[in-house]
Amino acid sequence: MNDYAGQHEVISENMTSLITAELTRYVQELKQERKSHFHDGRKAQQHIETCWKQLEASKRRFERDCKEADRAQQYFEKMDADINVTKADVEKARQQAQLRHQMAEDSKAEYSSTLQKFNSEQHEHYYTHIPNIFQKIQEMEERRIVRIGESMKTFAEVDRQVIPIIGKCLDEITKAAESVDHKNDSQMVIEAFKSGFEPPGDVDFEDFTQPMKRTVSESSLSNSRGDGKSEPKFGSKSKGKLWPFIKKNKSPKQQKEPLSHRFNEFMTSKPKIHCFRSLKRGLSLKLINLNTQVWSLIEGAGPEDFSNLPPEQRRKKLQQKVDELNRDIQKEMDSRDALTKMKDVYIKNPQMGDAASVDHRLAELGQNIEKLRLEVQKFEGWLAEVEGRLPARSEQPRRQSGVYEAQNASGVNSCAQDRESSPDGSYTEEQSQETEMKVPATDFDDEFDDEEPLPTIGTCKALYTFEGQNEGTISVAEGEMLYVIEEDKGDGWTRIRRNEDEEGYVPTSYVEVYLDKNAKDVHKPLQKISE
């Protein structure tokens, strides 16, 4: 699969260098050429429009001069026919008429010349300039089409070069898929994750006709917690009997002893809170900090001796830890040997270095090696304990009759004993986490549940819309009417209620409060008691 993916990377690299990069550069050139052709077209169009404007101006001037010549001729004829007009005025009118006729002739000649020039320019524009521009654009597009075809051909050649290798990769993938041995794979997974526990023995007959003290069974699947309850019957819905298939607890993994101690300390040192809702504002920050501390313990690493794991998995982890420590010792010893040789060289050749300069480092390495050896001895002791505790395959342990005795929840040893003797504590790590969290969580939550809701002390009207995005706040719309259950205590927040399930805090400046005097007087002593 890696080789197959590698060939696709080769295709991608070749396409990038041979096709994409070249086409990108070629497209830029085409853009510049196309821009030049369009510029020439606009220039030719502007020239023919200028010639047309000149023709129109010459035509209008010729028309104006002809009209003025006609008016001058009519004025001269009128003056010549009038007997009351002097000869000088008639001569002046005649000269003016001749001048206007001469100007009309000049305008006519200019108009004729401009018209011939425009016709010539127009013919050259439509039959020479514009066709040449379009021909260049067409040739440019044809070159682009040819270049695209060449790029497609290059892609085919690049792909054809790796087809034999891809074929071999596909053949090897098929061969590997056909060689899959599901039985062997399953056995490898079983060997890697087997717990090492033995099934429990037969249940002994219990004679209830005679009084007797029932003892603890090391292999019992019951789920007693030392609370004085008897062992559940076989047909009862007990999680302990189906512990391999219990739904995994999705909470983060936690250490058993430190977490139980922390919960015990919290429950014994903190006084019970009788009215959580009335004190929620003052306690919210403290509870958040406490939550942070508790979950920091929950998310921490497991025990150093891996006692939270099943025996077989614990043995593998301990063996892995011993091997890592031995490798670290070997590295430190190699470093010490190298420094010792260096020191000998310095002693024989003082000019190469000071032999005393490596003594401090040699002492540190010796201390590190000693610490690592102590760690190895500690983990080897735990490993020997686990290997000695694992029962032989041929042994069939018998289950003793009886129920679990009461356990001391505050002791670390009782937690460890519970891990070893109870399937809920040792067979399944998730079950132990769930059981451990169960008692303190129940005691902690019972203090705040099933309490009576606070009475309303008035009403309020929302002056503005407020989006309650933080925990403990509530969203309100402008103009909405709500109930007030706790007035502002000087921190700028008022507690309101919309219905039985929706209540929270809003800024006091966002609402107009109408307090009920009787309800307010009744609420004040309750508030003082809560404080």
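**A strand pair and its surroundings**

Mentor: A strand here is a DSSP run of E, at least two residues long, and a helix is a run of H or I, at least four residues long; both are numbered from the N terminus. Before going on, know your source: this is a predicted model, where local features need pLDDT of at least 70 and side-chain atom pairs count only at pLDDT 80 or more, while totals for chains, interfaces and linings use all residues. Residues are numbered from 1 along each chain as its sequence is written, and side-chain values use heavy atoms, with hydrogens and water left out.

Back to the pair. Strand S3 covers residues 493-497, and its pairing with S4 is antiparallel, over 5 bridges. Two strands count as paired if DSSP finds at least two bridges between them. S3 and S4 also make a hairpin, with 5 residues between them.

Now step back to the sheet. It is open and has 5 strands, in the order S4-S3-S2-S1-S5, with antiparallel pairing. Its edge strands are S4 (503-507) and S5 (511-515), each of which pairs on one side only. Neighbouring strands are turned by 40° against each other on average, direction ignored. That angle lies between N-to-C directions and can run from 0 to 180 degrees; the axes are lines fitted to C-alpha atoms, for helices over the stretch in contact. In a regular strand the side chains alternate between the two faces of the sheet.

Buried means under 20% relative accessible area, exposed means over 50%, and partly exposed lies in between (1.4 Å probe, protein chains only).

Next, charges. Side chains of opposite charge can pair when their charged atoms come close. The structure holds 23 salt bridges. Each is a side-chain nitrogen of Lys or Arg within 4 Å of a carboxyl oxygen of Asp or Glu.

Take helix H7 (residues 359-389). Here Glu375 and Lys378 meet in a salt bridge, 3.4 Å from N to O. They are 3 residues apart in H7, so about one helical turn separates them. Glu375 is partly exposed at 28% relative accessibility, and Lys378 is partly exposed at 28% as well. Salt bridges that share partners also join Glu486, Lys489, Arg495, Arg497 and Glu503 into one network. Our opening pair, Arg497 and Glu503, belongs to that network.

Now helix H1 (residues 2-81). Glu22 and Arg25 both lie in H1, 3 residues apart, about one turn of the helix. Their side chains meet in a salt bridge of 2.8 Å, N to O. An α-helix has 3.6 residues a turn, so residues three or four places apart point the same way. Glu22 is partly exposed at 31% relative accessibility, and Arg25 is partly exposed at 40%.

Another salt bridge spans two helices. Glu110 pairs with Arg61, and their closest N and O atoms are 2.5 Å apart. This pair links distant parts of the chain: Glu110 is in helix H2 (residues 87-178), Arg61 is in H1, and 49 residues separate them. Glu110 is partly exposed, with a relative accessible area of 36%; Arg61 is partly exposed too, at 27%.

How do H1 and H2 run? The 80 residues of H1 should span 118 Å at 1.5 Å a residue, and its end C-alpha atoms are 116 Å apart, which agrees. The 92 residues of H2 should span 136 Å, and its ends are 130 Å apart, which agrees. The expected span is 1.5 Å times one less than the number of residues. H1 bends by about 40° at Thr16, and H2 bends by about 45° at His125. A bend is the angle between axes fitted to the seven residues ending at a residue and the seven starting there.

Phe306 lies between helix H5 (276-298) and helix H6 (311-348). Its phi is positive, about 55°, although Phe306 is not a glycine. Phe306 is partly exposed, at 21% relative accessible area.
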